[in-house]
Amino acid sequence: MVTELLSFTPLAVLIPFFGAAFAFAFYRNKSTQRAIAIGALILTVILEVTLLAQVWYGGAHAVHLAGWPAPFGIVMVIDRFAALMLVVSSIITLCVLLYAVGQGAAEEKEDSGPVSIFYPTYLILVAGVSNAFLAGDLFNLYVGFEIFLTASYVLLTLGGGESRIRAGVTYVVVSIISSMLFLIAIGMIYAATGTVNLADLALKLGDLDLSTQLILHVMLLVAFGIKAAVFPLAFWLPDSYPTAPAPVTAVFAGLLTKVGIYAIIRTETLLFPGERINTALMIVAALTMIVGILGALAQADIKRMLSFTLISHIGYLVFGLALSSIIGMAATIYYVAHHITIQTTLFLVTGLIERRSGTSNVLRLGGLAKISPVLGLLFFIPAMNLAGIPPFSGFIGKLGMLQGGIAENTWITWTLVFASVLTSLLTLMAVARIWTRGFWRKPEDADEAPERQLMSKTLAHARAANKRYLPMSMVAPTAALVAMSLAFTVFAGPLMDFSRAAAQDMYERTPYLEAVFGPERSEGVREELEDFAATFLIDYETGDGGAAEHAPVETSLQPDDEAAEVVPEITDESDDHR
Amino acid sequence: MTINLTLLILMGALFAIGIYLLLERSLTRVLLGIILISNAVNLLLLQTAGRAGLAPLYDPEIPAEDYLDPLPQALLLTAIVIAFALVSFMLALIYRSWVLARQDELADDEEDRRVASYAGAYDAEEDASAEDETTEFADETDAVGRAMLNPRRGADEDAPDPGNGPAIAEQGER
């Protein structure tokens, strides 16, 4: 039963794709389009929650498309990490879509051109992101990246205004370059190993020369690092994201960089496990945190400020994954889920602030807490969450990383611990500045001339205007996301356990490889794969991988000679007994 | 693995020229650079198949090593299609940018300039050059360009678009 349900995994990609096709077909009829888009995403959410429930206890599962066996055909693999990412991303995209629908309905002006493009493109973006999460081979990962990037180019330049075109060009060029780097890395990896299947690569890359491994490893990391906006490669992000419409920026900020992080995590665990470049990664992580947050402090525009905090918090994720310990990785997984939610929420709230007050420039804001307490609450919770104030989920994730860093107890991890605490404080400062300026002070005290929309005669007037500026159809999805971010705190226990199991799976690698090669071995490749399967079994039973929770994990599954030698020895002994 | 030297040199040349073009500020040249680089990457993928061989149609009498590895070509085809789509999209963007601003060069970001002016790193003279007319076709299509430019600009500013908020606000200040 479990397997049967899990074989519907490709539908997570196909439903949004078909939705996009139908939405395109009904481009004249906006309400049909809207219904199709929302329906497709609701279906996706239901499907993915079911998949997560199946994977929660069952572990990894692979679907071999068109029945081709593992290293030759296209594989889609769903394991705990992928399932969690899928669920979080689809809930986020659904909420953002509802918000966008609300915004479209609230803006009375008929603007049919871009809107008829918006829904299908948005669904294609969702399909691409799902495809990247589920990809079982490098090239499919590349295709997933291209699908959602191309959709994102269209969404970013929606309407074709001057500032968007300007920002779009930077974004498109940088993304294309990173894709080219990725493609070069794929070509080189194929030349070196003769395969692009991730599970197959996990077995074969270890046999390569150490220097060759390092080149391939770093090339992949650079390509993914551009997409994930890791410090020296993050210059494009604050330039391009803030110009897009609020819901688009929200979903970009929440999701797209995290797909890059997802790919980096896969590279670090599945393809190139070990600690060779961890120090370099940690230095990069520290710089990303500090430079990002310093950039945020220099900004007056809330959207740009948030873009910089986004970069800064990518640093936390890199720190967590560079620890190479189960506890660090578990915290990273939890933090990714938390950060997707929180960053999206903050951008949506910024969209609301912009609607209510006419600007997102804090120098011209004021008095919002009095005018609209709901807006204040919606901003305050995710903002404190972003800064990592204790009861919220940001704190729990950061705590896990700090624990991991302290447990490792080297000079670099202590530096990182210090840097992340500092970044956390600076983040608090950045959001507190927005809070005091935008929400607490009187509009008359604004540094520059305040917006007219904020200067109502009486409070009653202002409150009455709230209904017009902040329709329920936009506030409700935002509130739902805030509730979801709170749920991360409430269910932190089970989620942390789940993340830990996911991290353990990823470091052991056995569940992943077994899912891809194991149960569905077909006749053609049986002999070749039996060796692999034998090594899995031995490792699986001894269960040595990740035994000590705090210790850095040695990879338990390398196709080296040791494992191959153990097997003959045992058979020799049994022969002697006879 | 055997590699065709001619293709290898060609690939290197394409990469070199492509990267050089990419460093230019003119968008058309950047686009040309992207086209060259994507072709160089395609050549790289092609070469991962190794020496040329027979078409991979199964025949029991032919030993396995005589076949050509077909996978890189499959990857290559996908990559070509994707690169084609991206290049056409880039062309559309460049055209749009030219219609709107009659500018083929990448403009500086307004916010960046503002932040830079705080720090005193803003050089008005150096920056002014970006404002210049840069396209060679300005004279021929001036009338057309203006006609397309003006109504569209008006429409953009009227649109109740939160995304353009800061930009419009800045324009208003000046």
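Mentor: Gladly; let's begin with D79(A), which is buried, with a relative accessible area of 4%. This is a predicted model, where local features need pLDDT of at least 70, side-chain atom pairs count only at pLDDT 80 or more, and totals for chains, interfaces and linings use all residues. Residues are numbered from 1 along each chain as its sequence is written, chains are lettered from A and ligands numbered from 1 in the order in which they are written, and side-chain values use heavy atoms, with hydrogens and water left out.

Trainee: Why is D79(A) called buried?

Mentor: Buried means under 20% relative accessible area, exposed means over 50%, and partly exposed is in between (1.4 Å probe, protein chains only). D79(A) has 4%, so the label is buried. R266(A) has 7%, so the label is buried there too.

Trainee: What makes the contact of D79(A) and R266(A) a salt bridge?

Mentor: The term asks for a side-chain nitrogen of Lys or Arg within 4 Å of a carboxyl oxygen of Asp or Glu. For D79(A) and R266(A) the N to O distance is 2.8 Å, and the contact counts as a salt bridge. The pair links distant parts of the chain, 187 residues apart: D79(A) sits in the loop between strand 2 (75-78) and helix 4 (80-106) of chain A, and R266(A) in helix 11 (residues 246-271) of chain A. Helices (H or I, at least four residues) and strands (E, at least two) are DSSP runs, numbered from the N terminus.

Trainee: How many salt bridges does a search of the whole structure find?

Mentor: Over all chains, the search finds 6 salt bridges. Among them is the one between E354(A) and K303(A), at 3.5 Å, N to O. E354(A) lies in helix 14 (residues 326-357) of chain A and K303(A) in helix 13 (residues 302-322) of chain A, so this pair ties together parts that are 51 residues apart in sequence. E354(A) has a relative accessible area of 4%, so it is buried; K303(A), at 1%, is buried as well.

Trainee: What secondary structure does chain B have?

Mentor: Chain B has 7 helices and 0 strands. Of its 174 residues, 34% count as buried.

Trainee: How do you know that helix 7 of chain A is roughly antiparallel to helix 9 of chain A?

Mentor: Helix 7 (residues 162-193) and helix 9 (residues 210-228) of chain A pack at an angle of about 155°, with their axes 9 Å apart. That makes helix 7 of chain A roughly antiparallel to helix 9 of chain A, because angles under 35 degrees count as roughly parallel, over 145 as roughly antiparallel, 65 to 115 as roughly perpendicular and the rest as oblique. Axes are lines fitted to C-alpha atoms, for helices over the stretch in contact, and angles run from 0 to 180 degrees between N-to-C directions.

Trainee: Is L123(A) buried or exposed?

Mentor: L123(A) has 0% relative accessibility, so it counts as buried. L123(A) is in helix 5 (residues 112-134) of chain A. L123(A) and L41(A) are 82 residues apart in sequence and 7.9 Å apart in space, C-alpha to C-alpha.
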